[in-house]
Amino acid sequence: MIPVGLTLQPEEAYLDALAPLLDEEADYYEVAPETLWRRDGAGALVPNGFHRLFLERRERTGRPFVAHGVGLSLGTADDDDPLRLRAWLDRIRGDHRRFEFAWYTDHLGATTLDGRALTLPVPLPMTPQMAARVRTRLTHLQTAVPDVGFENAVFYFLFGRPLDEPAFFREILTQPRMHLLLDLHNVYTMGRNFGFDPNEYVDRLDLSRVIEIHISGGSDSEPSWLPSRSTMRLDSHDGPVPGPVWALLERVVPRCPGLRGVTLERMEGTVRAGDVALLREEMRRAKGIAAA
């Protein structure tokens, strides 16, 4: 049976509110390792205290971990980035020794440019040269965790057409133990914002490379954000999984022979009264789809 996991967020209020689901419903936990680090006075990356809380939960439940990074920056081409990358990989190796990640993925894009950390990943040019660069970065990551991959991200502009992304992914994922984390809410969000059919996008993917699927909810932007007062779908992980994402999950799961997990995502600071019952229902619905 395909397991269904839940994100662990480094916020005590989140961990307390969702403790019943984390202890009783989640088959595994997904963590973003960088959210468990901080820089000390010398600039070194050191644990921020949540390692202990997360590992204590594993001792109680026996649940395994997977990692979904936010800052490796798969598309960075800066000359001085090898120093940052080396420190990043050393920290990941240390975390892998403690958490024994089943696999490690990161967002496709660049999160560091000219030595500056960005709030959100920026898109990459979909060229053979960039595909080779991302593949090289994944090879570096395999020195820390053997099974690696990237997630299809949400972007609000692209260097090319959104329906060209699946071909770009194929060009990257040519080596063993390199995988795709298929985020279905991200596909839905991009379809809404760019005006394409998410089913056509999924049909163009090499689904044999999918190791994990993400499902989540989101919201629409405020009309006041843009002069046109038009809205965009946001990948905000702050609400229920919408119907079109459930439909995509039902359609895609049987076509992913290498699928090893379905993860329900929720951001810290977004769990309100009644959300525990909602998230429990969503986890059980995902388990039903995975089992079928």
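A nonpolar core, as the term is used here, is a set of buried Ala, Val, Leu, Ile, Met, Phe, Trp, Tyr and Cys residues joined through side-chain atoms within 4.5 Å. Keep that in mind as we walk through this structure, which is a predicted model. The largest nonpolar core has 80 residues, and Ile 92, Ile 213 and Ile 215 are the ones that touch the most other members.

Let's take Ile 215 and look around. Setting aside its neighbours within four places in sequence, Ile 215 is in contact with Leu 184, Val 241, Val 245, Trp 246, Leu 249, Val 262, Thr 263, Leu 264, Glu 265 and Ala 286.

Now zoom out. The protein has ten helices and 14 strands. Its radius of gyration is 18 Å, close to the 19 Å that the globule rule gives for 292 residues, so the protein is as compact as a globular protein of that length. Of the 292 residues, 53% are buried.

What about the outside? The protein exposes about 12700 Å², with carbon and sulfur atoms supplying 53% of that area. As for charge, there are 34 positive and 42 negative ones, and their mean positions sit 3 Å apart.

With the overall picture in place, a few individual residues are worth a stop. Start with Thr 112, which lies in strand β7, residues 110–113. Thr 112 has a relative accessible area of 6%, and because buried means under 20%, Thr 112 counts as buried. Beyond its neighbours within four places in sequence, Thr 112 is in contact with Ser 73, Thr 76, Asp 78, Asp 81, Arg 84 and Ala 117.

Next comes Leu 124, in the loop between β8 (116–122) and α5 (128–142). Leu 124 is a loop residue, yet at 7% relative accessibility it counts as buried. Not counting residues up to four places away in sequence, Leu 124 touches Gly 75, Leu 108, Gly 109, Ala 110, Met 130, Val 134 and Phe 159. Asp 78, one of the contacts of Thr 112, is 46 residues from Leu 124 along the chain, and the C-alpha atoms of Leu 124 and Asp 78 are separated by 14 Å.

Over in helix α3, residues 50–61, you'll find Arg 58. Its relative accessibility is 22%, so Arg 58 counts as partly exposed. Leaving out neighbours within four places in sequence, Arg 58 is in contact with Arg 63, Phe 65, Arg 98, Phe 99 and Glu 100. Phe 99 is 41 residues away from Arg 58 along the chain, and their C-alpha atoms are separated by 9.0 Å.

Finally, two residues for anyone who checks backbone torsions. Which phi value does Arg 177 have? Phi of Arg 177 is near 65 degrees, a positive value in a residue other than glycine. His 237 also has a positive phi, about 50 degrees, although it is not a glycine. Arg 177 lies in the loop between α6 (165–172) and β10 (178–183), while His 237 is found in the loop between β13 (233–234) and α9 (243–252). Are they buried or partly exposed? Arg 177 is partly exposed, with a relative accessible area of 46%, whereas His 237 is buried, at 10%.

Notes: Residues numbered from 1 in each chain as written. Predicted model: local features only at pLDDT ≥ 70, side-chain atom pairs only at ≥ 80, totals over all residues. Heavy atoms only, no water. Helix = DSSP H or I, 4+ residues; strand = E, 2+ residues; numbered from the N terminus. Rg over C-alpha atoms; globule rule 2.2 N^0.38 Å. Buried < 20%, exposed > 50% of the residue type's maximum accessible area, 1.4 Å probe, protein only. Areas by Shrake-Rupley, 256 points an atom, 1.4 Å probe, with all protein chains shown as cover. Lys, Arg positive; Asp, Glu negative; His and termini not counted. Charge placed at Lys NZ, Arg CZ, Asp CG, Glu CD. Contact = heavy atoms within 4.5 Å.
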